[in-house]
2 protein chains.
Amino acid sequence: MCKTAYEKLVELGEEVQLVGDTQALLSWDQEVLMPPKGLEYRARQMAWFSGWVHDKQTDSKVGEWIEEAESELSADSDEVTNANLREWKHGFERETKLPRRLVEEFALAQVHAKSAWAEARGKSEFSIFAPHLQKLVSLCKEQAECWGYTGTPYDGLLDKFERGASTVRLTETLNDLRKSLIPIVEEATATPPFDRSCLEGHYSIEKQKAFNHEVAVAMGFDFEAGRIDTAVHPFCSGMAPHDTRLTTRYDETDFLSSLFGVLHEAGHGLYEQGLKGELRGQPVGNAVSLGIHESQSRLWENHVGRSHAFWERWLPTAAKYFPHLASVDVETMYRAVNQANLSYIRVESDEVTYDLHVLLRFEIEKLIFSGDLSIDEIPDAWNSRFETYFGLPVEDNANGCLQDIHWSLGIFGYFPTYSLGNINAAHLAAAARSDASIKSDMDAGDYLSLLTWMREKIHKRGSILMPDDLVAEATGKPADAKALINHLRDRYLPGS
Amino acid sequence: MCKTAYEKLVELGEEVQLVGDTQALLSWDQEVLMPPKGLEYRARQMAWFSGWVHDKQTDSKVGEWIEEAESELSADSDEVTNANLREWKHGFERETKLPRRLVEEFALAQVHAKSAWAEARGKSEFSIFAPHLQKLVSLCKEQAECWGYTGTPYDGLLDKFERGASTVRLTETLNDLRKSLIPIVEEATATPPFDRSCLEGHYSIEKQKAFNHEVAVAMGFDFEAGRIDTAVHPFCSGMAPHDTRLTTRYDETDFLSSLFGVLHEAGHGLYEQGLKGELRGQPVGNAVSLGIHESQSRLWENHVGRSHAFWERWLPTAAKYFPHLASVDVETMYRAVNQANLSYIRVESDEVTYDLHVLLRFEIEKLIFSGDLSIDEIPDAWNSRFETYFGLPVEDNANGCLQDIHWSLGIFGYFPTYSLGNINAAHLAAAARSDASIKSDMDAGDYLSLLTWMREKIHKRGSILMPDDLVAEATGKPADAKALINHLRDRYLPGS
């Protein structure tokens, strides 16, 4: 029997995904295991896959199939069919505008830049990373030119990570958020720093691993279909329908660093494990955007992991692994994990100052892509802006513009999705907690009903809806920052 | 400028290797890390790559290029050119005889069989593995039919692992070897078992890892271009020119198990690291055969690792990691690692009984492929034959026919290369030691000059020569079992 154009697109998508997922393993392995001299060859492998995927996706017959499938659409086509076609069309239009040469060059440059960044960060020497960054920025500008834009090239880059996002609208959202945050930040950081000396002690990596594992299992993370490993920069890779891998990093003087890494990445991992595996390779079986992905990680990290209820449930277990914690009470622990602090590192910052870090990176990126900031000027621009926002002098690029891995992956336009994630996480958490049984479960330290809600409302919906519509469908109204601001006020200014 | 047919073949070979090497990572990852539910998807990925590689290798234009390149050959073509063409032609002829369907089916079956074998071995239940084994045997028979044969289908299978090998000749070699071994085995196993109680103690895995690492570095293994990980069945994967990965397994009551795993696999690894990386993807840049590969692993495991000189050098270091070894003297250690024993497990057996294990597996395989033994009859056939050879009743299939991973990979015809490896290892070691400076270095526990010799004579020669010719070139005469027998007599019957 002859296949329909739609069926051919499904089949092609599955093949591209199957092969593309190999690239995810190659990339994961580079971060976690690959010996250093393997770099050059790995870069060539990555480039080959990028080229192959590009060729498959841009084959002229794909365009014909899309047209044919559209013409077969009827008024009562289901939402799955409509969404797949919407995304295939969008992807095809974008991908065909890129020459294969650019795709391969980008993949090659990424692998080398990632390695140079790690070295530059280690030595705190921006100059080691600068030529790689220059290269990636040029390639991204070239991509943006291929795609075309009306406002700024940055718009085209945003679309890689957040379908439907625009620079203008994001600027508005983040500036509004900043205005609401500033008074909370000022008040929250005015209190004298919390004395954490009662937490001091040795936390063996083996015991941290065992404790984190227990927590992740309780969250619902399936270890038969996933793992936790160690990497410099924590991340989550959903590299197959039943193979979701998290990484975290360990500090033997502080178990909270690896724990919050796991809470965050397992949030991403639960989303990946909650997608419909049988639809993998179709847009409707894939995560819809980073702003939604990040809503899941921040939900588990902050709304679960930094809650009073969480520590009521988990402090006794932590004390089994780390006996000196037996003398710490829940209130102290709760305050320790919710201390507002003007500090250098985004991923270690508290919830209330976090978005200021994001805003800073967003502003720098916009300047780079509007042509108002050259690569060499980045450290100074970063440092002076950081001092304005945080009142702290940056003496060390490793704690400044080199702290994050993203630029080394050629990822520009990604950072603002972190703030979208925070906004969405609070908005979704508030909606879920408006269900009395979910609220009482969460307050009792039990998260199964929360996960079930997310599975139904978010995970299983894949990319059927656009990100904004998905949140609106799940919660009954469009997301805005109100829930986040309320949450932060409750948590950081409980008396006011 | 137009490429010559030869250049096109080089280019194609490099691409096939680059992509095929990804499959090596997928396979390594399945053994070492992959979560169990990832199996099904991984199987589909493996099958895709097998199919893709097959398509590339059997494209009709490859045949045309080979013909064209052959016609361009002149009388003074160099050995590299000649060898590449010899191997391309041989590979093309074999590969084009296989339908793509069979190639993919085989890859799929392997992944499932490997997982079923692990379960079957764990539970010692042959029936769990039997249907998978049946499937793989059928597929291998089908392969052999495609290739055609004059004697037995087993000949075609042998060629996968040992170019130029034949069932008849191997049978002769192994039977001769057995005849020479039997009196040594009888005498060596007649002495009362060595009292190993002085070695008893706790060997933490972390310390074993550190000790093994030190030994591997001293051997010349480059950790900037390789790693050691943990797996149920120790193996070595040369998955890229500068990415060679070993695995071993740990026993907290016996550090020798992981150490000899590392010595053996690092022997393979040194060969992989010694190949000319810039020629990867051309036959001349690849290892020539398993009988040669195994000569390198057995050389380091036995001729180095079980020597008196090795323990003079390493026992003091071992005692730093494991203080209770401080009271053990070198002579005792030497005897402990050279105790002849009639035992169940091939990979743990001593040098003198090792080849009897191989012979047994070889005989069973021949019976399977001559149609004289059905799958269900394997355990009984194994057990009765084992009792005849070893005088021990097999009460447990995990210690019997299920002990080795190979069949689960659809690998038949591989086992005899272990004995070829032993023969070649002794032959090469004798030749190297005929150089007085190598001998004196080895006897002083220094192996750099030995490695340099192997690099020049074996590793860098890749597949330029056929296996037998390579050994003859390196040593000045064809390999035979004399050096092995002399070595075993010296080591196991020192008084006689």
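Biologist: Which helices are included in what covers the buried residues of α3(A)?

Modeller: The model is a predicted one. In it, the cover over the buried residues of α3(A) includes α1 (5–32), α2 (39–58) and α4 (79–96) of chain A.

Biologist: Which residues of α3(A) are the buried ones, and what puts them on the same side of the helix?

Modeller: The buried residues are V62(A), W65(A) and A69(A). They span an arc of only 60° around the axis, and therefore they lie on the same side of α3(A). An α-helix has 3.6 residues a turn, so residues three or four places apart point the same way. The other side of α3(A) carries the exposed residues S60(A), E64(A), E67(A) and S71(A).

Biologist: How do you know that the span of α3(A) is close to the expected one?

Modeller: Helix α3 of chain A, residues 60–72, has 13 residues.

Biologist: Why is H264(A) called buried?

Modeller: A residue is buried if 20 or more other C-beta atoms lie within 10 Å of its own. H264(A) has 25 such neighbours inside 10 Å, and therefore it counts as buried. H264(A) belongs to helix α10 (residues 255–274) of chain A.

Biologist: Which residues does H264(A) touch, not counting those up to four places away in sequence?

Modeller: H264(A) touches P234(A), S297(A), W300(A) and E301(A). As for D76(A), that residue is 188 residues from H264(A) in sequence and 40 Å from it in space, C-alpha to C-alpha.

Biologist: Why is S124(A) called partly exposed?

Modeller: The class lies between the exposed limit of 12 or fewer neighbours and the buried limit of 20 or more. S124(A) has 14 C-beta neighbours inside 10 Å, so it counts as partly exposed. S124(B), with 14 other C-beta atoms within 10 Å, is partly exposed as well.

Biologist: Where does S124(A) lie, and what is its phi?

Modeller: S124(A) is in the loop between α5 (100–123) and α6 (126–147) of chain A. Its phi is near 55°, a positive value in a residue other than glycine. In chain B, S124(B) lies in the loop between α5 (100–123) and α6 (126–147), and its phi is also positive, about 55°.

Biologist: Which residues touch the most other members of the largest nonpolar core?

Modeller: Of the 220 residues in that core, they are A266(A) and A266(B). Leaving aside neighbours within four places in sequence, A266(B) is in contact with A216(B), M219(B), F221(B), L246(B) and W300(B).

Notes. Residues numbered from 1 in each chain as written. Chains lettered and ligands numbered in written order. Predicted model: local features only at pLDDT ≥ 70, side-chain atom pairs only at ≥ 80, totals over all residues. Helix = DSSP H or I, 4+ residues; strand = E, 2+ residues; numbered from the N terminus. Expected span 1.5 Å × (residues − 1). Arc of directions from axis to C-beta. Contact = placed C-beta atoms within 7 Å. Core = buried A, V, L, I, M, F, W, Y, C linked by C-beta atoms within 7 Å.
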